[in-house]
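Please read it alongside the sequence and the model.

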Amino acid sequence: MSTMTRTRSRTAPSHRSDTVSAGLPERQQPILQNILDPTRPHEVHVRMVTDCDAIETVDLVVVPRDEELDEIDLDRHVLGYIQQAGRVFVALVGERLDRAEECGQSLLWDKAAADLVRSARLAEASSQT
């Protein structure tokens, strides 16, 4: 009786997205490309607590400006920016970065985004009255 040994050739993948997207349905592959490319705009769903203690989900578009700065858009309107300063995320409300005002700091990006949405809504409500 002879024993056969089988050898496998292991080759390193040339590109990470090829490895991760292999076997995914074609409709999911563009979504995966956005996740793997942090320089492209992407949609984020942020849960926040409203004034009447209800949970609301807000769909934001995050447009990376550089490694430490994200522009946050809602309904094609710039709400403000989230800047990473060390381990802290700083929420800046305002359409223009040079005039944006700090409205909160958090160790969590989601919390900074919720602070930004809340402050942008308050600023919009106060400007309408």
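In what follows, buried means under 20% relative accessible area, exposed means over 50%, and partly exposed lies in between, with a 1.4 Å probe and protein chains only. By that definition Asp 73, with a relative accessible area of 14%, is buried. The model is predicted, so local features need pLDDT of at least 70 and side-chain atom pairs count only at pLDDT 80 or more, whereas totals for chains, interfaces and linings use all residues. Residues are numbered from 1 along each chain as its sequence is written, and side-chain values use heavy atoms, with hydrogens and water left out.

**Overall architecture**

- The protein has three helices and six strands; these elements are DSSP runs numbered from the N terminus, with helices (H or I) of at least four residues and strands (E) of at least two.
- Read from the N terminus, the order of elements is α-α-β-β-β-β-β-β-α.
- Of the 129 residues, 30% count as buried.
- Contact means heavy atoms within 4.5 Å. Among contacts between residues at least 6 apart in sequence, 21% join residues at least 24 apart.

**Nonpolar cores**

- A nonpolar core is a set of buried Ala, Val, Leu, Ile, Met, Phe, Trp, Tyr and Cys residues joined through side-chain atoms within 4.5 Å.
- In soluble globular proteins, nonpolar side chains tend to be buried together.
- The largest core holds 20 residues, of which Val 46, Leu 60, Ile 72, Leu 79, Ile 82, Trp 109 and Leu 116 touch the most other members.
- Strands S1 (42–49), S2 (55–66), S3 (69–74), S4 and S5 (88–93), together with helix H3, each supply at least two residues of this core.
- H3 gives the most to this core, with seven residues.
- A second, separate core of five residues includes Tyr 81, Val 90, Leu 92 and Ala 100.
- Beyond residues up to four places away in sequence, Leu 60 touches His 42, Glu 43, Val 44, Val 46, Ile 72, Asp 73, Leu 74, Leu 79, Ala 113 and Val 117.

**Largest pocket**

- A pocket is found on a 1 Å grid over the protein atoms alone, as an open set of points where a 1.4 Å probe fits, with protein on both sides within 12 Å along at least five of seven lines; lining residues have an atom within 4 Å of a point.
- The largest pocket contains about 240 Å³ of space, a volume being the space filled by probe spheres set on the points, which are joined across faces, edges and corners.
- Its lining includes Leu 74, Asp 75, His 77, Val 78, Leu 79, Ala 120 and Arg 121.
- Strand S4 (77–85) and helix H3 (109–128) each provide at least two lining residues, and H3 gives the most, with four.
- The lining has six nonpolar, two polar and four charged residues; Ala, Val, Leu, Ile, Met, Phe, Trp, Tyr, Cys and Pro count as nonpolar, Asp, Glu, Lys and Arg as charged, and the others, Gly among them, as polar.

- Asp 115 lies in H3 and counts as buried because its relative accessibility is 10%.
- Residues up to four places away in sequence aside, Asp 115 touches Cys 103 and Gly 104.
- Arg 121 is also placed in H3 and, at 38% relative accessibility, counts as partly exposed.
- Arg 121 and Leu 79 are 42 residues apart in sequence, with their C-alpha atoms 9.0 Å apart.
- Apart from neighbours within four places in sequence, Arg 121 is in contact with Met 48, Glu 56 and Val 58.

- Glu 71 is in strand S3 and is buried, with a relative accessible area of 8%.
- The side chain of Glu 71 makes a polar contact with the side chain of Arg 65 (2.4 Å); a polar contact is a pair of N or O atoms within 3.5 Å, where within protein one must be able to donate a hydrogen and the other to accept it, and residues adjacent in sequence count only if both atoms are side-chain atoms.
- Asp 73 likewise lies in S3, and its C-alpha atom is 5.0 Å from that of Val 61, twelve residues apart along the chain.
- Most residues other than glycine have a negative phi.
- Asp 75, in the loop between S3 and S4, has a positive phi of about 55° and is exposed, with a relative accessible area of 70%.
- Arg 76, in the loop between S3 and S4, has a positive phi of about 60° and is exposed at 88%.
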